[in-house]
Amino acid sequence: MTEYLKNAWKKLCLTISTDLELIDSLGLEIEKQYSLKIRHYHNLKHIENMLLQADSIQNEIKNWEAFVFSIWYHDIVYKPTRKDNEAKSAVLAKMRLKQLNIDEKTLKIIQKLIISTKTHEVDLAENNDNAFLLDIDLSILGSNWNTYEKYIKNIRKEYAIYPNFMYRKGRKKVLQHFLERETLYFTEIFQNKYEKQARKNLIKEIELL
């Protein structure tokens, strides 16, 4: 982990627990999971980028604790060949965060936030926390082309098990699904910041597939 990540994890956990041994243990597990060789994009750098984006909109978030824990755990279980990564990540998050004595209501919110990253549809609509989480998760889509190109190369590496004809078909389906949405981003902040560039990037990637 970078110093930023280490400090961010400890600062978050210390708001609810003083058990430094447990906090370090959970942090090491997170580091190990996100550092697996299969991860070329869904790794610690992705988590750090999401946390930095979260910091910039902290005043917009209603349940900061649930929001940030969901960032840390949303991809903790990740196998490109499986379709239950988010569900398993949510279960693991509940198991681990229970040890920090997080209340049941907050645990349920964290689980729902994590599971929503599978379909990228807002599941919790009483505030914009879920919408912001999904927007942050997809903020990479609105990056400059050089950054986006590195992103798509890393995604391809994660799906290296699939031959090109299968990967291209599946990837194109995902991209077209996003383009068919009225907006890629749910919040006005992210629409203004990334929507235009994201659509350009997706269209360009489809042309290159």
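Contact here means heavy atoms within 4.5 Å. The model is predicted. In it, Tyr73 touches Trp9, Leu26, Ile30, Tyr34, Ser89, Ala93, Arg96, Leu97 and Ile114, leaving aside residues up to four places away in sequence. Tyr73 also belongs to the largest nonpolar core, which has 59 residues.

Most residues other than glycine have a negative phi. Asn101 is not a glycine, yet its phi is positive, at about 65 degrees. Asn101 lies in the loop between α5 (85-98) and α6 (104-119). With a relative accessibility of 69%, Asn101 counts as exposed. His120 also has a positive phi, of about 55 degrees, and is not a glycine. The loop between α6 and α7 (129-137) holds His120. His120 is buried, at 7% relative accessible area.

Helices α9 (residues 164-179) and α10 (residues 188-208) pack with their axes 10 Å apart, at an angle of about 150 degrees. Angles over 145 degrees count as roughly antiparallel, so α9 and α10 are roughly antiparallel to each other. The crossing of α9 past α10 is left-handed. On the α9 side, Arg171, Lys172, Leu175, Gln176, Phe178 and Leu179 make the contact. On the α10 side, Arg199, Leu202, Ile203, Glu205 and Ile206 take part. By class, the contact of α9 with α10 comprises six nonpolar, four charged and one polar residue.

Key: Residues numbered from 1 in each chain as written. Predicted model: local features only at pLDDT ≥ 70, side-chain atom pairs only at ≥ 80, totals over all residues. Heavy atoms only, no water. Core = buried A, V, L, I, M, F, W, Y, C linked by side-chain atoms within 4.5 Å. Buried < 20%, exposed > 50% of the residue type's maximum accessible area, 1.4 Å probe, protein only. Helix = DSSP H or I, 4+ residues; strand = E, 2+ residues; numbered from the N terminus. Axes fitted to C-alpha atoms, helices over the stretch in contact; angles between N-to-C directions. Parallel < 35°, antiparallel > 145°, perpendicular 65-115°, else oblique. Left-handed = near helix turned anticlockwise from the far one by under 90°. Nonpolar A, V, L, I, M, F, W, Y, C, P; charged D, E, K, R; others polar.
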